[in-house]
2 protein chains.
Amino acid sequence: MKELPIHIQLQPESDKTLYEQIYESIREEIRRGGLLQNEKLPSARFLAEDLQVSRTTVDMAYGQLVSEGYLEARPRQGYFVCAVEGLYVIDPLKQGEKHESAQKSSRKAEQYDFSPTAIDMHFFPYATWKKITKNILVDANSDMFSLGEPQGDLALRTTICRYLHGARGVNCEPEQIIIGAGNDYLLLLLEKILGRHVHVAMEDPTYVKAYRIFQSCAYPVTFIPMDENGISVECLRRTDAQVAYVMPSHQYPTGISMPIGRRMELLKWAAEKEGRYLIEDDYDSEFRYKGKPLPSLQASDSNGNVVYIGTFSKAIAPAIRISYMVLPYSLLTRYRQECGFYSSTVSRIDQTILNEFIQDGYFERYLNKMRKCYRMKHDLLMGELKGFKKTFRISGSNAGLHVLLTDRMGRSEEELAQAAQETGVKVYRMRDFRMEEKKEAAAMLILGYASLSPEEICEGVDLLKKAWL
Amino acid sequence: MKELPIHIQLQPESDKTLYEQIYESIREEIRRGGLLQNEKLPSARFLAEDLQVSRTTVDMAYGQLVSEGYLEARPRQGYFVCAVEGLYVIDPLKQGEKHESAQKSSRKAEQYDFSPTAIDMHFFPYATWKKITKNILVDANSDMFSLGEPQGDLALRTTICRYLHGARGVNCEPEQIIIGAGNDYLLLLLEKILGRHVHVAMEDPTYVKAYRIFQSCAYPVTFIPMDENGISVECLRRTDAQVAYVMPSHQYPTGISMPIGRRMELLKWAAEKEGRYLIEDDYDSEFRYKGKPLPSLQASDSNGNVVYIGTFSKAIAPAIRISYMVLPYSLLTRYRQECGFYSSTVSRIDQTILNEFIQDGYFERYLNKMRKCYRMKHDLLMGELKGFKKTFRISGSNAGLHVLLTDRMGRSEEELAQAAQETGVKVYRMRDFRMEEKKEAAAMLILGYASLSPEEICEGVDLLKKAWL
């Protein structure tokens, strides 16, 4: 048997997955010079056999190393160590000592990441998902493997329709729902429905990705300032925007919940002129902690001016590439005429799995669990931040998975983020979400808590105290 | 227990699936008036329990009935029989007799469908697919449920890269491959990469859906006539097209394989001017029966002017919403700059299943089986069509899943298709694929054979003999 150029010792008892263990072993081996530049790695098949793990596990470890630039994949040759200048952060001669410190410093930089987009997958009912998948495949016949309806399977659309009515007050029929592989795809499809040269108004700050999608659709975009109730309809009126993209439930990233008065103003704006629409991105409406939850904007729309978009990527798992868009009838007609021929981007199998997951009550149960979990983290974070109130205004905390800290001391976002990073905490700067510079604005930092453990939240906030108070 | 308003007798021994049996029972019940307009059907859950079948089976039957207009789904109320004028084709009083004849005539109209797009799913290794899915889910952890790389998982891209090199001579690195949920989506993404106002040239006749996608991207499209070697590069030169969409392996629907000389001409055209590209849609290259298969056009491209697009929907199953696009480096750079933020439309789980299906040799084995199956059907059809040679020219039969019949008797396509339909055979008219009318052209009919059984092919051709000879 060929000898492996690396020695990997897997620890089945470890908290880390096998994939992480393999990935870290190879990465460390490269970093400490145990694997040389241009050295060929064993094939994934060979390594999997040698380690008695699945091929997928090794593929994932190799994939991660390639995407981080440690390895390169040469087709039909295999994986090779990249030739990168300065890769060896550790002098192999002083390995022991430096290795330790390099690890510490690299870990420090990422130790407490208050990411506003990450979610907690700890409670995801993998076993249930697997069971449903298995059952569906047992029943599956060629129908299941055929191409489904372009809009998505009626069964799933009916289920989503019911869920949206109950949970978000959305008024629609299953025929108004279009299922697609992610919000990005649905926005591309919406472009085809709305047509070209549509002038879009967006809240500022906003979800930058949506902006980039509108930009790549060559839509002219105007940014509208926000007050404490959300987008300024007064400013919106001064533009010739035809469509406004808004997040009324829990604006990203400001966390503002738009009150009913502002919603009615906004709906009035849309109804005043033929062809005006509001795109309501209800991205994390499943999670709210304080106050009576307002139904969706779509629920108050009596003129058919709202396009409602939601996703299961946030509430279930990012890998569930299933989002949905509720079209008003005027746009549904246009969709059928102009875009009805676009094939569905979601397989019937995946749609059926999700449908059963919801219908059999697992989704509701999982949401309840996650609501409790996130509320606990939210309350914990808010408790820990009590000492911050003199120095910061804390806002946006009635819903969603992140809160906002506004500095009262005249410091800059850069200064605060840098000080945090030096203690090993990553926080997010509001300026990265602002489209137009707001010079006089006080520094605002965004703290997401969904993916951190309670201990990490406490430790992270302790470090922020040292950095900021 | 509540009594069901319908009596459904499932026959486990029947050739028909349970879903078909339920669907047909209810449809017949509605047609013969046993279920009245606006009558409520039992809930899917209730019916599933009563019939001892899975919920999905009933959902599918109901879904089919809704999409055909027999039922309507009223949210939170259930399924109701539609109020459609003239729905009752059978007088309930004369049920026995008329029922029989109505069934006959409706079956006749669709009995032998020589569809050029349908495929045979009979040999699909459902058990293997299920086994792989199960194994992957056993290993699956939160990594598998996370959002993968925008371009697709490296492991699958590497596998596709190897497959394309071996099977189609495609020269590329995994980093050039973008995985997406179907060709339609990839063409939408390509629009974002190529930019706006791109003048596209297409073969005429062509794949109408691709045309509709270009149209919905507002691309000006020019149709280029074809000779026996494919698209006329001479005519192409007379346009100011920047991009040409071609199917060199087996043009759809003419079945023409572009010889190497024409390919080189086409590549020369693309290389002559900055920013020209060829989109090569290699939609059914897996299946060829006669002559040495030419590698892809991309294989001969030394200047990086070809965008190669392929799919697993045809070779594996339509439900596998996984296609791939190989970008030349010039467009890859643009993709990364302009579109790198678009999230992947395919879940990591589905990518991993497909990857193992290919890597473990099942794909190759399945392809070999399907090649044999389709070749058998192809040879059978060609044999059956022998008697047609005086009346028709038969062409396009060296590859793919359909052949062409060109009438020598001066009849019209309408006349021939109508005569076929009257005997219960559906054939496809070339004029439905032509973009510009070709008045002097002889009538051409398209016969796809992939989804028909050998018996159906023989019986169908027998009926065509009666209709046409």
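I'm counting a residue as buried when its relative accessible area is under 20%. I also keep in mind that this is a predicted model.

**Entry: helix 6 of chain A**

I started with helix 6 of chain A, which has 15 residues. From first C-alpha to last I get 20 Å, close to the 21 Å expected at 1.5 Å a residue.

Is this helix enclosed or open? Eleven of the 15 residues of helix 6 of chain A are buried, so I note the helix as largely enclosed by the rest of the structure. On my list of buried ones I have A:L154, A:R157, A:C161, A:Y163 and A:R168, among others.

**Entry: where chain A touches chain B**

Next I turned to the contact, where I find 80 residues from chain A and 79 residues from chain B. The two chains bury about 6800 Å² between them, and carbon and sulfur atoms give 59% of that. On the chain A side, the residues losing the most area to chain B are A:R76, A:F145 and A:F341, together 11% of what that side buries.

Then I checked for charges meeting. The rule finds two salt bridges across this interface. I looked at the one between the side chains of A:K192 and B:E191, at 2.7 Å from N to O. For polar contacts, I have 22 residue pairs between the chains.

Which elements of chain A take part? Among those supplying at least two residues each are helix 3 (55-67), strand 1 (71-74), helix 6 (154-168) and helix 7 (183-194). I sorted the chain A side by type too: 34 nonpolar, 22 polar and 24 charged.

Notes. Residues numbered from 1 in each chain as written. Chains lettered and ligands numbered in written order. Predicted model: local features only at pLDDT ≥ 70, side-chain atom pairs only at ≥ 80, totals over all residues. Heavy atoms only, no water. Contact = heavy atoms within 4.5 Å. Buried area = accessible area lost by both parts, 1.4 Å probe. Salt bridge = Lys/Arg side-chain N within 4 Å of Asp/Glu carboxyl O. Polar contact = N/O pair within 3.5 Å; in protein donor to acceptor, adjacent residues only side chain to side chain. Helix = DSSP H or I, 4+ residues; strand = E, 2+ residues; numbered from the N terminus. Nonpolar A, V, L, I, M, F, W, Y, C, P; charged D, E, K, R; others polar. Expected span 1.5 Å × (residues − 1). Buried < 20%, exposed > 50% of the residue type's maximum accessible area, 1.4 Å probe, protein only.
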